[in-house]
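Trainee: I would like to go through this model element by element. Please give the cut-offs as we go.

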Amino acid sequence: FVKINIKMLKNNNNLLTIIEERKLFSGYENKKIKYHESWFEKINLFGLLEQHTGCVNGIRWNSSGNLLASGSDDLKVCIWDFSSSFMGKLSATLSTKHLGNIFDTVFRPNYDNIIVSCGCDGRVGLVDCNSPNSAKLIFDGQGVVSKIDFQPNDTNVFLASFSDGLILYDLRQNIIQNGTNTLSVSCSNQSITGLEFAPNNPSIFALGADDPILRICDLRTLGKKRSQDLSVVERFIIPNLIHQDRSNKELTLKSVTRRD
């Protein structure tokens, strides 16, 4: 057995000691760890990329890591070039067809000149960096479109998540402005806030929503009940964030807890 000086632990600001302290004392607040200075003291600001005139909500690298796309409340998409400098420099400022804040910007795989964007106006747009006036409207719907993700190993097909559903789109199709490609997925009337395909399976993707449930969906279930319905094949719940239905039978991630 190791004799521990409790008073010494309580007064020690060392990060490792604080982590040990969390193991010993019930009801310990994680804020002491979360905001500890050790996490930040080695992080340095190398520079600022200044061009947008509104909040920057979406940033994505291209596959090779030499270009960064940013989308903003100013309805613009900026491309930053890091190929010759770690600091990065502005390569292009692109106008879009958005009418409201841009929330996500994604490079089309293998096409560093093509950017797909979405925003709070319910729109999904496309712009070509080589043609500043090339902005096109892919989808014009209702609600917030928050995230976009291309299928793995596919340069044409992507999903976009909006308030109460998804759109599945193929860039080889004609540009559309209606809801013919919308898919329905049950999220208990919660808005979808996150979306990402599994890198090793082009049919499987994860959804985050305005609740503590992570949903796993499979595109292969499309149309088994109704033509536009997707099935949720698995659910994971963060138990400490559930405060309503304790009888829920869904699979629990016991290793995931949150106390702050």
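Trainee: In which strand does Gly194 lie?

Mentor: This is a predicted model, where local features need pLDDT of at least 70, side-chain atom pairs count only at pLDDT 80 or more, and totals for chains, interfaces and linings use all residues. Residues are numbered from 1 along each chain as its sequence is written, and side-chain values use heavy atoms, with hydrogens and water left out. Strands are DSSP runs of E with at least two residues, numbered from the N terminus. The run at residues 192-198, which holds Gly194, is strand 13.

Trainee: Is Gly194 buried or exposed?

Mentor: Buried means under 20% relative accessible area, exposed over 50%, and partly exposed in between, with a 1.4 Å probe and protein chains only. Gly194 has a relative accessible area of 18%, so this residue is buried.

Trainee: Which residues does Gly194 touch, not counting residues up to four places away in sequence?

Mentor: Contact means heavy atoms within 4.5 Å. The residues touched are Lys147, Ala206, Leu207 and Gly208.

Trainee: How many residues of strand 7 are buried?

Mentor: In a regular strand the side chains alternate between the two faces of the sheet. In strand 7, Arg123, Gly125 and Val127 are buried on one side, and Val124, Leu126 and Asp128 are buried on the other. The count for strand 7 (residues 123-128) is 6 of 6.

Trainee: Which residue of strand 8 is the bridge partner of Val124?

Mentor: Two strands pair if DSSP finds at least two bridges between them. Strand 7 and strand 8 (residues 131-140) pair in the antiparallel sense over 5 bridges, and they form a hairpin with 2 residues between them. The partner of Val124 is Phe139.

Trainee: Which residue takes a positive phi in the hairpin of strand 6 and strand 7?

Mentor: Strand 6 (residues 111-119) pairs with strand 7 in the antiparallel sense over 5 bridges, with Ile115 opposite Val127. The hairpin has 3 residues between the strands, and the phi is near 80 degrees at Gly122.

Trainee: What is the angle between the planes of Phe150 and Phe158?

Mentor: Rings of Phe, Tyr and Trp (its six-membered ring) pair if their centres lie within 6.5 Å; planes under 30 degrees apart count as stacked, over 60 as edge-to-face and the rest as tilted. The search finds 4 aromatic pairs. Phe150 and Phe158 form a tilted pair, 5.3 Å centre to centre, and their planes are apart by 55 degrees.

Terms used: Helix = DSSP H or I, 4+ residues; strand = E, 2+ residues; numbered from the N terminus.
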